[in-house]
Amino acid sequence: MSTHPASDSGAIPGTPRVEYGGLAALPRLVSGVRRSGVLVVTGEGKRYVERLGDALPGVQLTVFRGARRHVPEEVVERAREALDACAAGTVVSVGGGSATGLGKALRLERDFFFIAVPTTYAASELTDLYGVTTQGAKRTGRDPRVIPDVALYDVELTLDMPLRLSVTSLLNALAHPLGALSTQSLDEAAEEAALEAASTVYRAVTALTRQPRDVAARAEALRGTVLSGRVLRNCPVGVHHRVAHALGGRFDLDHASLHALLLPHSLLWLQAQAPDVAEKIRARLALDLPARIEAFLSLAATSLHELGVTPGDLREFLEGRPDLPRSLVEAAYGSVLR
Ligand code: NAD
């Protein structure tokens with residue numbers, strides 16, 4: 001059903017091999033691995049595990065179902081115990097960025113063949129960025145060991161994604177190139193890659209709001225995710241990502257919703273700080289992006305207040321993080337703090 005070529009393997013050093021062949025490619029990918037056995041890491045739902053079992057008949061599968069957003073350290077410890085107990089040679093993460101992130105955290109300490117099967121547009125599977133949260137503090141870093149060997153995309157796993165998650169997750173993907181551009185440190189080629197990623201993701205989110213089950217639009221969304229993830233892999237992150245990770249780790253917030261609601265404020269902040277960069281984005285997309293994103297947000301939470309952050313907690317957070325732009329965070333809080 002995919003409208004992609006089967007793979008674009010080996011295109012870029014330091015990134016995973018990208019395959020669009022879906023779960024049907026798993027037997028081939030797993031058969032070449034030296035040690036047998038597969039540990040599947042995923043979230044609580046059973047949604048994908050049965051499909052994996054069907055795709056890998058006769059393969060010894062152990063399932064760890066505890067993946068959680070922001071990768072809590074205690075979850076990593078339990079998953080590591082499961083991996084050691086089953087001595088699997090392959091780990092397949094299946095789910096959103098939380099499942100991918102757990103596979104990445106395991107890779108920091110164990111050696112295995114790592115196949116990431118992402119089911120959202122977070123794009124973590126393309127990057128060397130990892131994060132682990134201990135008692136509300138999220139430690140993030142870059143390490144080439146965490147990069148999956150294969151990023152395996154299956155458009156069918158995304159067809160039933162609720163519209164709200166589709167929009168917020170794609171706005172999360174859109175934040176990657178926009179954040180990179182905001183650093184004003186990109187060379188010409190990197191800037192072009194970021195603008196191309198941003199326009200591809202923007203087209204996809206627009207198409208999906210009209211036809212959420214359209215296979216071509218879903219495939220375009222995955223293609224935009226890959227372009228955005230490569231930008232995140234190859235470029236520095238900007239203020240937007242620093243704010244999102246600090247807030248997400250501190251208040252355990254839904255990652256995609258948080259990125260989505262922050263994005264118009266980050267863009268307005270960018271317009272004030274670097275109007276020439278904001279103008280390049282506006283010219284490439286031929287629209288007023290902050291206003292368009294606010295329109296998409298009618299499908300999602302629009303403020304930190306709506307995500308459940310209290311004014312007192314936010315003030316305390318801001319006092320502890322003087323490095324973050326206060327005006328941006330306060331604007332994203334919503335009317336109460338304004
Ligand atoms: P998530 O993985 O927490 O998933 C959110 C929810 O959506 C879960 O309940 C999940 O079960 C559900 N879900 C996933 N796929 C679905 C589908 N196709 N249909 C219906 N429901 C589906 O959220 P996320 O936004 O994908 O990832 C967030 C995590 O990823 C955070 O921990 C974040 O820090 C991390 N992340 C890391 C990077 C990186 O480069 N390291 C990049 C982006 C995000």
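A polar contact is here a pair of N or O atoms within 3.5 Å, and on that cut-off a backbone N or O atom of Gly97, which lies 2.7 Å from an oxygen atom of the ligand, makes such a contact in this predicted model.

View 1. Taken on its own, the ligand has 860 Å² of accessible area, of which the protein covers 82%.

**View 2. The shell around the ligand.** The ligand is surrounded by 23 residues, the closest being Ser98, Thr119, Thr120, Thr127 and Lys138. By residue class, the shell divides into 9 nonpolar, 10 polar and 4 charged residues. Helix H4 (97-107) and helix H9 (255-273) each supply at least two residues of this shell, and H4 gives the most, with 3 residues.

**View 3. The open parallel sheet.** Six strands form an open sheet with parallel pairing, in the order E1-E8-E5-E4-E2-E3. Its edges are strand E1 (17-19) and strand E3 (61-64), each of which pairs on one side only, and neighbouring strands of the sheet are turned by 20° against each other on average, with direction ignored. Strands of a sheet pair through backbone hydrogen bonds, either parallel or antiparallel.

**View 4. Strands E5 and E8 within the sheet.** Strand E5 (residues 113-118) runs parallel to strand E8 (residues 150-152), and 2 bridges join them. Ala116 has Ala151, in E8, as its bridge partner.

**View 5. Helix H3 across the sheet strands.** Helix H3 (residues 73-86) lies across strand E2 (38-41), strand E3 and strand E4 (90-95), and runs at about 170° to E3.

**View 6. The hairpin of E6 and E7.** Strand E6 (residues 129-134) and strand E7 (residues 137-142) pair in the antiparallel sense over 6 bridges, and the bridge partner of Thr134 is Ala137, in E7. The hairpin has 2 residues between the strands, and within it Gln135 takes a positive phi near 45°.

Technical notes: Residues numbered from 1 in each chain as written. Predicted model: local features only at pLDDT ≥ 70, side-chain atom pairs only at ≥ 80, totals over all residues. Heavy atoms only, no water. Pairing = 2+ DSSP bridges. Helix = DSSP H or I, 4+ residues; strand = E, 2+ residues; numbered from the N terminus. Axes fitted to C-alpha atoms, helices over the stretch in contact; angles between N-to-C directions. Contact = heavy atoms within 4.5 Å. Near = heavy atom within 4 Å. Polar contact = N/O pair within 3.5 Å; in protein donor to acceptor, adjacent residues only side chain to side chain. Areas by Shrake-Rupley, 256 points an atom, 1.4 Å probe, with all protein chains shown as cover. Nonpolar A, V, L, I, M, F, W, Y, C, P; charged D, E, K, R; others polar.
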